[in-house]
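Hi everyone, and thanks for making time for this. Please have a look at the sequence and the structure, and then we will walk through some spots together.

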Amino acid sequence: MLTFQENETLARIGPGTSTGEMMRRYWVPAMLDWELPEPDCPPIRLKLLGEELVAFRDTNGAVGIVDNYCPHRRASLFFGRNEEAGLRCVYHGWKFDVNGDCVDMPSEPAESNFKDKVKIKSYPTAEMGNVVWVYMGPPDKQPPLPELEWTQVPESHRGVNKVVQKCNWLQGLEGGIDTVHINFLHRNLQGSGIVARDRAFARSFAARVEVVPTDYGYTYAGIRDQADDNEKYVRAYHFIAPWTQLRPNQLNRGGAPRLKDSGHMWVPIDDYTTMVWNFTFSFGDEPLTEAERLQVGSGNELGKDIDFENGFKSRADASNDYFIDREVQRTQTFTGIPGTNTQDRAVQDTMGPICDRTREHLGTTDRAIIMARKILLDASRIVEDGGDPPGLGGNVFDLRSVEKVLPTDVYWRDALWDELYHKAQYTPEFVRA
Ligand code: FES
Ligand SMILES: [Fe+2]
């Protein structure tokens with residue numbers, strides 16, 4: 001449970017808000033690189049952290065992200081002409097480059113130097129991992145790019161897409177962190193076909209959740225005893241402040257384990273809408289299969305589940321009850337809703353635009369959610385006090401998540417150490433501090 005004020009503080013992300021200012025200290029995933037496929041292509045509208053923006057790729061290939069509103073008389077630059085290394089407002093012809101400088105002002109006398117005094121709000125951008133990233137914070141605080149492993153592997157080894165969720169960002173994040181719901185919300189009544197999971201779920205639905213705070217957020221695990229008494233199935237994850245989760249994705253139906261991880265980023269569009277980024281990647285020699293790259297079955301397939309030509313909306317939404325099929329629910333799956341992440345959206349969106357956390361009742365398995373809220377509230381206070389929030393760089397970039405069956409008597413984090421902190425310069429003492 002949170003107080004009303006704590007809930008408001010975590011949920012509100014616009015300029016000047018506590019959480020919004022904290023989030024502006026990170027690189028923000030803004031769009032997929034192919035949304036701006038070539039120099040001088042049409043600009044696109046973009047809303048991030050409550051700010052209305054326009055993105056364009058200039059003649060030189062550089063991406064500019066600028067205010068939607070022209071500083072002259074506030075026309076939308078979405079209608080702008082993208083030409084000769086700048087975006088020209090169609091109202092009176094003022095033209096701005098990717099740095100926000102006004103490079104032409106044909107409506108004023110030639111001898112006027114007014115254009116040298118006018119700038120449009122613009123933010124630094126970078127392209128990495130098929131994503132355009134933007135930094136919206138104070139210029140002197142710009143951190144290194146978030147070079148998580150999924151952004152660094154070859155394109156053949158990566159799948160990344162995004163989908164709009166119609167609720168506040170924290171509902172998405174908390175839903176992703178919550179490992180216990182997979183036994184229920186995502187259950188196939190005939191079993192998942194993934195032996196380790198099915199043996200664990202056959203024994204018990206109540207996972208033990210253990211959370212270990214770190215300097216970037218935390219490592220945590222859902223631990224489930226197997227059907228026999230001497231093994232346990234461990235799903236070990238990372239939460240990287242403020243909005244990233246790495247989740248294990250190595251076990252397959254029937255096949256050998258894959259060297260593969262996945263994750264999400266829950267990035268606020270505004271207080272009531274979230275862009276959920278979904279990534280998956282291979283960290284072995286093998287590239288992803290086409291089905292893995294497209295994230296088939298996730299509810300996040302572009303074109304099929306996600307209407308990417310219409311603002312990356314989920315085709316399943318509250319207006320069609322997320323395509324629930326009551327006969328399927330009776331006989332095949334726990335929800336009757338097709339697509340794993342569609343099931344997530346169904347429960348998270350319908351908690352309300354901003355969940356009323358003054359009225360919830362959290363149990364022991366909500367430990368990770370409680371810790372995330374604390375870390376985020378602390379991070380905002382740190383930023384307000386002039387400090388740096390967690391997870392800005394360094395050894396964050398070499399983390400992996402893991403799922404494995406382990407003997408009951410070993411401690412999961414010791415057993416999985418080398419995989420969880422792959423190449424990272426962590427010592428056991430440090431992480432346990
Ligand atoms: S409103 Fe953009 S040039 Fe006048
Ligand atoms: Fe889920």
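Let me start with a question: is glycine 255 buried, exposed or partly exposed? Glycine 255 is partly exposed, with a relative accessible area of 42%. As for the words, buried means under 20% relative accessible area, exposed means over 50%, and partly exposed is in between, with a 1.4 Å probe and protein chains only. You will find glycine 255 in the loop between β16 and β17 (260-270). The strand and helix labels come from DSSP runs, numbered from the N terminus: helices are H or I runs of at least four residues, and strands are E runs of at least two. Glycine 255 and threonine 340 are 85 residues apart along the chain, and their C-alpha atoms are separated by 20 Å.

A quick word on the ground rules. This is a predicted model, in which local features need pLDDT of at least 70 and side-chain atom pairs count only at pLDDT 80 or more, while totals for chains, interfaces and linings use all residues. Residues are numbered from 1 along each chain as its sequence is written, chains are lettered from A and ligands numbered from 1 in the order in which they are written, and side-chain values use heavy atoms, with hydrogens and water left out.

Now to some loops. Proline 242 sits in the loop between β15 (231-240) and β16 (244-248).

Leucine 49 is not a glycine, yet its phi is positive, about 45°. Look for leucine 49 in the loop between β2 and β3; at 0% relative accessibility, this leucine is buried. Tyrosine 322, also not a glycine, has a positive phi of about 55°. The loop that holds tyrosine 322 runs between β20 (313-314) and α7 (326-331), and with a relative accessible area of 5% tyrosine 322 is buried.

Asparagine 130 belongs to the loop between β10 (125-128) and β11 (131-135). Its relative accessible area is 13%, so asparagine 130 counts as buried. The side chains of asparagine 130 and arginine 158 are joined by a polar contact of 2.9 Å. A polar contact is a pair of N or O atoms within 3.5 Å; within protein, one must be able to donate a hydrogen and the other to accept it, and residues adjacent in sequence count only if both atoms are side-chain atoms.

How many cavities of 30 Å³ or more does the structure hold? There are 2. On a 1 Å grid over the protein atoms alone, a cavity is a set of points where a 1.4 Å probe fits but cannot get out, a pocket is an open set with protein on both sides within 12 Å along at least five of seven lines, and lining residues have an atom within 4 Å of a point. Grid points are joined across faces, edges and corners, and a volume is the space filled by probe spheres set on the points.

The largest cavity has about 170 Å³ of space. Of its 17 lining residues, Tyr26, Trp27, Pro146, Ala241 and Gly391 are the closest to its centre. That lining has 15 nonpolar residues, 2 polar and no charged. Here Ala, Val, Leu, Ile, Met, Phe, Trp, Tyr, Cys and Pro count as nonpolar, Asp, Glu, Lys and Arg as charged, and the others, Gly among them, as polar.

The second largest cavity holds about 60 Å³. Its lining includes Tyr322, along with Lys166, Arg345 and Asp349. β20 and α8 (340-349) each give two or more residues to this lining, which has 3 nonpolar, 1 polar and 5 charged residues.

Then there is the second largest pocket, with a volume of about 550 Å³. Among its 25 lining residues, Arg45, Leu46, Lys47, Met275 and Gly311 are the closest to the centre. Which strand gives the most to this lining? It is β2, with 5 residues. By class, the pocket lining has 13 nonpolar, 4 polar and 8 charged residues.
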